[in-house]
Amino acid sequence: MTPGALWVLTSPRLRASVAPPFFPCRTTETPEMKNSDAVWDLVEARREDFIALADRVFDTPETLYAEVASCAAHVEMLEAQGYRVTRAPAGIPTAVIGEAGDGGPVIAILGEYDALPGLSQQPGVAEHRPLVEGGNGHGCGHNLLGSAALSAATAIKDWLAETGIKARVRYYGCPAEEGGAAKTYLVRAGLFDDVDAAITWHPASYTCVDHANSLANTRIDFTFIGRAAHAAGAPELGRSALDAVELMNVGVNYLREHMPDDARIHYAYMDAGGIAPNVVQARATVRQLIRARDLPGLRALVERVRKVAEGAALMTETQVSTQVFSGVSNLLGNRPLEEAMQRALDALGPVAFDAADTAFARAIRTTLSEDDITATFRRLGMEPDYDLPLCDFIAPLDRRSGGGEGSTDVGDVSWAVPTVQARVATCALGTPFHTWQLTAQGKSPMAHKGMLHAAKAMAATARILIEEPATLAAAQEAHRKHLARTPYICPIPDDVHPPVQRAAE
């Protein structure tokens, strides 16, 4: 496989599983392929720097709003590369913005660097082996995500300087994607108001332009206040907040039968009222994570959940109060941007994995179930290939896909500005994210290859938008038409602020 060729699905098995039209493989060079070589080379020129950045962030896994070392590493790189740096945008200490260039359109490239709790894992080992028992780990690949995004931005920065083209590239270092909704706060603060288009990616076990399918969500803490009492001596004097939480959860469980199929509700006990069973619990808090297809559907479902909470309070003679913790919108697709990114990915072809990558991927696959692999191919609308350890194709844009939808605060950026996202293979096909298996692959050569591939795809997409004003204008017009039908309403109330202090405690 050589750069400059257009690689699409060519086997009968895969060809039959994608929606028509199907375009056969061809190798004729196009203008965008030739021009993309410059930004690919600029990514390659700094490959070791950005591999080192990704590994550095991997080695200091930090969770939402506590990404101090990870953010500092990105700030250090931004300053070393000559960006104009804005620290703590929107009052978030672990966020950063770096800008380069002048005049012309503003292209944003979004990065993340937060980890997950409980996913510590020794890298390069195909068995569960935590580095720190119960410690944090990069089980969603955000160490790669931020580094590739900054690599792409830097390639565009250098390309603008070399060519003298008037445009600006802006890197957004975004913390707390995993439940903290930092990008939502950045959008609410107006930090995307002058951006013309936004580009991002996410590590995956396959390579494609991401279909803009995600669920809007909000996380709300329901706190019940009752009355303490001796649970044996005078139980009739108590009003149990814990009973109220449990009744609320039962009510929400019954609600699940009567909500849209693609809606989801999850919960976690934030405060169960203490550890003494002989004391009637006077206070308890449950966090409900409510997801729906879009913002209007989310607002309607939230009101139903609130009524369940009020009913639980009524049944237990307790008082209930609510506090929104975070919220994100569903993703908005943008066909002109998606077509531009597909061109960039087709020109690149699939990630060039080698025999060592394949061997490690096969070792990881021995720890996965057949269902894990099936679920991955289902998301792409393809029949499963249980013998294929690493993705060796670019999935077509017009493919059938289904299942596996989550939520992301990129959704709010997509309401603020035309946005496009890639998925690029960095791990064995079928690897479930938010698992030790993903963490184990986070510093591997195949992860680094996928990361740099993503950087090239994003840089090439940005170059297309800068060089083709008509494509950028079409993306903006599509975005404007959607907002005319459904205006954006931020899912986080104005009086709710990033839980920075809470995270620090």
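The model is a predicted one, in which local features need pLDDT of at least 70 and side-chain atom pairs count only at pLDDT 80 or more, while totals for chains, interfaces and linings use all residues. Residues are numbered from 1 along each chain as its sequence is written, and side-chain values use heavy atoms, with hydrogens and water left out.

**Aromatic rings**

Select Tyr-172 and Phe-192, which form a stacked pair with 4.2 Å from centre to centre and 15° between the planes. This pair links distant parts of the chain, since Tyr-172 belongs to strand S4 (residues 167–174) and Phe-192 to the loop between helix H6 (182–188) and strand S5 (197–204), 20 residues apart; helices (H or I, at least four residues) and strands (E, at least two) are DSSP runs, numbered from the N terminus.

Next select Tyr-267 and Tyr-269, an edge-to-face pair with 6.1 Å between the centres and 75° between the planes. Tyr-267 is partly exposed because its relative accessible area is 46%, and Tyr-269 counts as partly exposed at 36%.

Two charged side chains can be viewed in the context of rings as well. Arg-287 lies over the face of Phe-325, at 3.8 Å from the ring centre, and Lys-157 lies over the face of Tyr-83, at 5.7 Å from the ring centre; a charge sits over a ring if NZ of Lys or CZ of Arg is within 6 Å of the ring centre and within 35 degrees of the ring normal.

**Strand S9 and its partners**

Colour strand S9 (residues 283–292), which is mostly covered, with 9 of its 10 residues buried. Strand S7 (residues 216–225) pairs with S9 in the antiparallel sense over 10 bridges, where two strands pair if DSSP finds at least two bridges between them. To find this pairing in the viewer, select Thr-223, whose bridge partner in S9 is Thr-285. Strand S8 (residues 264–271) also runs antiparallel to S9, joined to S9 by 7 bridges, and here His-266 has Leu-289 as its bridge partner in S9.

**The open sheet around S11**

Now show the open sheet of 7 strands, whose order is S1-S2-S4-S3-S5-S11-S6 and whose pairing is mixed. Its edge strands are S1 (84–87) and S6 (208–209), each of which pairs on one side only. Within this sheet, select S11, a mostly covered strand in which 6 of 7 residues are buried.

S5 and S11 run parallel and are joined by 7 bridges; along this pairing, Ala-198 stands opposite Thr-419 in S11, and Pro-203 stands opposite Val-424 in S11. S6 and S11 run antiparallel with 2 bridges, and Val-209 stands opposite Ala-422 in S11.

**Two cavities**

How many cavities of 30 Å³ or more does the structure hold? There are 2 of them. On a 1 Å grid over the protein atoms alone, a cavity is a set of points where a 1.4 Å probe fits but cannot get out, and lining residues have an atom within 4 Å of a point; grid points are joined across faces, edges and corners, and a volume is the space filled by probe spheres set on the points.

**A last stop in helix H11**

Finish at Ile-373, which is found in helix H11 (residues 370–380) and counts as buried at 6% relative accessibility. From there, draw a distance to Gly-134: the C-alpha atoms of Ile-373 and Gly-134, 239 residues apart along the chain, are separated by 27 Å.

Notes. On a 1 Å grid over the protein atoms alone, a cavity is a set of points where a 1.4 Å probe fits but cannot get out, and a pocket is an open set with protein on both sides within 12 Å along at least five of seven lines; lining residues have an atom within 4 Å of a point. Buried means under 20% relative accessible area, exposed over 50%, partly exposed in between (1.4 Å probe, protein chains only). Rings of Phe, Tyr and Trp (its six-membered ring) pair if their centres lie within 6.5 Å; planes under 30 degrees apart count as stacked, over 60 as edge-to-face and the rest as tilted.
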